Amino acid sequence: MKMIFLGPPGSGKGTQAKMISVRLGIPQVSTGDMLRSAVREGTPMGLKAKAMMDSGALVADEVVVGIVQERLAKVDCESGFILDGFPRTVPQADALQACLRGLGKDLDVVISLEVDKDAVVERITGRRTCRDCGKMFHVRLDPPTQENICDVCGGELCLRDDDREATIRKRLEVYAEQTAPLIDYYQRFNLVQTIDGMQDISQVQDQILMAMGGK
Ligand code: ADP
Ligand code: ADP
Ligand code: ZN
């Protein structure tokens, strides 16, 4: 299964992609996670990316396309992958088409998660991410058993640097301008399955699995 998760910040892409990844045994390819690990490692690319990420803008297409090309060529992506947070612009989508053509692969489905604007601000301001394993929680909507401690690995839960209200507004604008057009882009290939992301995490998951069933 080769799939893309599309949706505004806070729509549940990461949460759902992680669950599908475990269920199907295919990797979650999250450009946000890969960029954050480059930031943590302090690579030159990471340092440049951090300024863009903290302002709520997108990192340059060439940078993310390069990261994804390298990742998709790895052997664990052979039987499938879940792209989470990529592509985010039309040039990225064009580059992905070219990359997949080169690898002799085709996309199976694009899952488009739809959510209300107010809900995403609430979701993102309450989002906490495990520093060690990346698992996501929400202080109210999906709390860990023990406050600030990851249920999976015991790691410390952190607020992302860009999950602050002013930056969130900017990220939502960037989404509407640069990423939302990709829904039409993939509709032309008849790949889009729209899912109501306002439901419970498990209901959203069921709907995604159902939407994938026909693929
Ligand atoms: P994205 O990757 O699209 O930015 P996340 O998966 O990180 O979104 O979800 C954002 C926050 O909302 C997280 O704290 C997550 O626990 C919570 N969340 C995700 N899906 C739902 C849902 N269906 N209902 C309530 N909260 C959710
Ligand atoms: P969210 O899940 O909340 O939408 P991500 O973790 O996917 O956030 O992305 C966080 C930030 O990383 C983005 O605001 C952007 O600066 C950068 N980023 C992630 N993926 C891409 C991409 N495909 N193109 C450009 N920038 C990206
Ligand atoms: Zn953890």
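**A tour of ligand 1 and the cysteines**

In this predicted model, select F137 first: one of its backbone N or O atoms lies 2.6 Å from an oxygen atom of ligand 1. With the ligand displayed together with the protein surface, note that the protein covers 93% of the 560 Å² of accessible area that ligand 1 has on its own.

Next, select G14. Here a backbone N or O atom is placed 2.9 Å from an oxygen atom of ligand 1. Then turn to R123, where the contact involves the side chain: an N or O atom there is 3.5 Å from a nitrogen atom of the ligand.

Now widen the selection to the shell of 19 residues around ligand 1, of which G10, T15, R127, F137 and Q199 come nearest. Colouring this shell by class shows six nonpolar, eight polar and five charged residues. To relate the shell to secondary structure, highlight helix 1 (13-24) and strand 6 (136-138), each of which supplies at least two of the shell residues.

Leave the ligand and select the cysteines. How many disulfides does a search of the whole structure find? The search finds zero. The cut-off for a disulfide is a pair of cysteine sulfur atoms within 2.5 Å.

Finally, are C77 and C153 buried or partly exposed? C77 is buried, with a relative accessible area of 0%, whereas C153 counts as partly exposed at 39% relative accessibility.

Terms used. Residues are numbered from 1 along each chain as its sequence is written. Chains are lettered from A and ligands numbered from 1 in the order in which they are written. This is a predicted model: local features need pLDDT of at least 70, side-chain atom pairs count only at pLDDT 80 or more; totals for chains, interfaces and linings use all residues. Side-chain values use heavy atoms; hydrogens and water are left out. A residue is near a molecule or strand if one of its heavy atoms lies within 4 Å of it. A polar contact is a pair of N or O atoms within 3.5 Å; within protein, one must be able to donate a hydrogen and the other to accept it, and residues adjacent in sequence count only if both atoms are side-chain atoms. Accessible areas come from the Shrake-Rupley method with a 1.4 Å probe; for residues, only the protein chains shown count as cover. Helices (H or I, at least four residues) and strands (E, at least two) are DSSP runs, numbered from the N terminus. Ala, Val, Leu, Ile, Met, Phe, Trp, Tyr, Cys and Pro count as nonpolar, Asp, Glu, Lys and Arg as charged, and the others, Gly among them, as polar. Buried means under 20% relative accessible area, exposed over 50%, partly exposed in between (1.4 Å probe, protein chains only).
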